[in-house]
Amino acid sequence: MANNTTQAPQQPVRHFNLVRCVAICCLALIVLVGLAVLITWLAIRPKKLVYTLENGSLQNFNLNNNHHLNATFDFVLMAYNPNTRTSVYYDFMESAVSYKDQTLAFGTTDPFFQPHRDTTRVESRLTATNLALSPSTYKDLRREKSSGEVEVDVHFKSRIRFKVGIWKSKHRTLKIVCPSATLHLSWSKHFENVPCEVKL
């Protein structure tokens, strides 16, 4: 009498080993990339960019009876890059001046490149032409005009890239706010520097 024996199906050993090998390779690659980024970051040790509003002036300041403003604003922003290996591309920069909640004027600045350990002078001229003001803004500006000085906030927004050696980063948005800048209507008074806040 013949004996019938049933054999258990073989496990797909080769397929399992292949999947495990791929998973180990992917994990090792992720770890190596992470270590490379960490080592690069520690080696570069990037420091925060520093900005100071060094000068500001207000010319041709005129408020007419129709609640409209005409004025020319000139600003000088000093940009300091304290890093020893990192340079910065400023591919686009726009600036604006605001009084309380209303934007008075805005403009753009030419692109520029800033080397490492460098201080760059950024000049901007913003013009308000027949700008309609809200009643409250008009009233407050008239009061400040009579006092001989106007307090404004100056904003800068830029698209930048970092450069280390031959490596360049992707674009990032940089926002700079220089609050409570006092502009004097008299040339005899000196502008006081304003430290700016940075959001990156």
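By class, four nonpolar, six polar and two charged residues make up the lining of the second largest pocket, where Ala, Val, Leu, Ile, Met, Phe, Trp, Tyr, Cys and Pro count as nonpolar, Asp, Glu, Lys and Arg as charged, and the others, Gly among them, as polar. The model is predicted, so that local features need pLDDT of at least 70 and side-chain atom pairs count only at pLDDT 80 or more, while totals for chains, interfaces and linings use all residues. Residues are numbered from 1 along each chain as its sequence is written, and side-chain values use heavy atoms, with hydrogens and water left out.

A pocket is here an open set of points on a 1 Å grid over the protein atoms alone, where a 1.4 Å probe fits, with protein on both sides within 12 Å along at least five of seven lines, and its lining residues have an atom within 4 Å of a point. The second largest pocket holds about 220 Å³ of space, a volume being the space filled by probe spheres set on the points, which are joined across faces, edges and corners. Its lining includes Glu54, Trp187, Lys189 and Phe191, and strand 1 contributes the most to that lining, with five residues; strands (E, at least two residues) and helices (H or I, at least four) are DSSP runs numbered from the N terminus.

Glu54 also takes part in one of the salt bridges listed below, a salt bridge being a side-chain nitrogen of Lys or Arg within 4 Å of a carboxyl oxygen of Asp or Glu.

| Pair | N to O distance |
|---|---|
| Glu54 and Arg121 | 3.7 Å |
| Arg161 and Asp91 | 2.7 Å |
| Asp140 and Arg143 | 3.1 Å |

Because Glu54 lies in strand 1 (residues 50-63) and Arg121 in strand 6 (residues 118-132), their pair ties together parts that are 67 residues apart in sequence. Glu54 is partly exposed at 33% relative accessible area, and Arg121 is partly exposed at 48%, with buried meaning under 20%, exposed over 50% and partly exposed in between (1.4 Å probe, protein chains only).

Distant parts of the chain are likewise linked by Arg161 in strand 7 (residues 149-164) and Asp91 in strand 3 (residues 86-99), which are 70 residues apart; Asp91 is partly exposed, at 26% relative accessibility.

Asp140 and Arg143, by contrast, are three residues apart in helix 2 (residues 135-147), and are therefore separated by about one helical turn. Asp140 is buried, with a relative accessible area of 13%, whereas Arg143 is partly exposed at 47%. Beyond these pairs, salt bridges that share partners join Glu54, Arg121 and Glu123 into one network.
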